[in-house]
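Welcome, and please have a look at the model below. This short report walks through a sheet, a few charged pairs and some side-chain contacts.

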Amino acid sequence: MHVVLATRRSPLARAQTELVREALAGAGADVEILELVTTGDRWSARGGPTPDKGVFVKELEEALIAGRADLAVHSAKDLPADLPAGLEILAT
């Protein structure tokens with residue numbers, strides 16, 4: 001089984017994604033990692049004010065909805081309370 005994991009490029013996101021990749025690979029999955037730069041990442045790089053939580057996951061959600069990714073790995077602290085239709089939190 002081939003699984004595409006979407007994640008941000010931050011060190012924390014990559015470390016969390018590696019844990020998920022290892023678990024899936026241990027179960028026999030072929031795992032591809034899709035690293036994305038989010039709107040929140042671009043704002044942070046410019047040193048702007050802290051944006052709304054959703055801007056750190058917007059591009060991850062779009063990749064899931066578009067079928068470019070099967071799963072997304074992200075810190076719960078940055079998730080908005082309401083998820084887009086068709087998306088759900090499957091594991092923590």
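## A serine and its backbone partner

Which backbone nitrogen does the side chain of S10 reach? The backbone nitrogen of A13 is the one, at 3.1 Å. S10 sits in the loop between β1 and α1. With a relative accessible area of 18%, S10 is buried; here buried means under 20% relative accessible area, exposed over 50%, and partly exposed in between (1.4 Å probe, protein chains only).

A word on the basis of all this: the model is predicted, local features need pLDDT of at least 70, side-chain atom pairs count only at pLDDT 80 or more, and totals for chains, interfaces and linings use all residues. Residues are numbered from 1 along each chain as its sequence is written, and side-chain values use heavy atoms, with hydrogens and water left out.

## The sheet and its helices

Helices (H or I, at least four residues) and strands (E, at least two) are DSSP runs, numbered from the N terminus. Three strands make an open sheet in the order β2-β1-β3, with parallel pairing; two strands pair if DSSP finds at least two bridges between them. The edges are taken by β2 and β3 (71-72), each with a single partner strand, so one side of each has no neighbour in the sheet. Between β1 and β3 the parallel pairing runs over 2 bridges, and A6 has A72 in β3 as its bridge partner.

Helix α1 packs on the sheet and touches β1, β2 and β3, its direction making about 165° with that of β1. Helix α3 also packs on the sheet, touching β1, β2 and β3, at about 135° to the direction of β2. Contact here means heavy atoms within 4.5 Å; axes are lines fitted to C-alpha atoms, for helices over the stretch in contact, and angles run from 0 to 180 degrees between N-to-C directions.

## R8 and D41

Let us turn to the charged side chains. The model has 5 salt bridges, each defined as a side-chain nitrogen of Lys or Arg within 4 Å of a carboxyl oxygen of Asp or Glu. One of them joins D41 and R8, whose closest N and O atoms are 2.4 Å apart. D41 belongs to helix α2 (residues 39-45) and R8 to strand β1 (residues 2-8), so this pair ties together parts 33 residues apart in sequence.

Both partners are buried, R8 having 12% relative accessibility. Leaving aside residues up to four places away in sequence, R8 touches A13, R14, L36, T38, D41, F56, L60, H74 and D78.

## Two further salt bridges

R9 pairs with E35, the closest N and O atoms being 3.9 Å apart. Since R9 lies in the loop between β1 and α1 (11-26) and E35 in strand β2 (residues 30-36), the pair ties together parts that are 26 residues apart in sequence. Both ends count as partly exposed: R9 at 45% relative accessibility and E35 at 32%.

E59 and R42 meet in another salt bridge, at 3.2 Å from N to O. E59 is in helix α3 (residues 58-66) and R42 in helix α2, so the pair ties together parts 17 residues apart in sequence.

Note on methods: A polar contact is a pair of N or O atoms within 3.5 Å; within protein, one must be able to donate a hydrogen and the other to accept it, and residues adjacent in sequence count only if both atoms are side-chain atoms.
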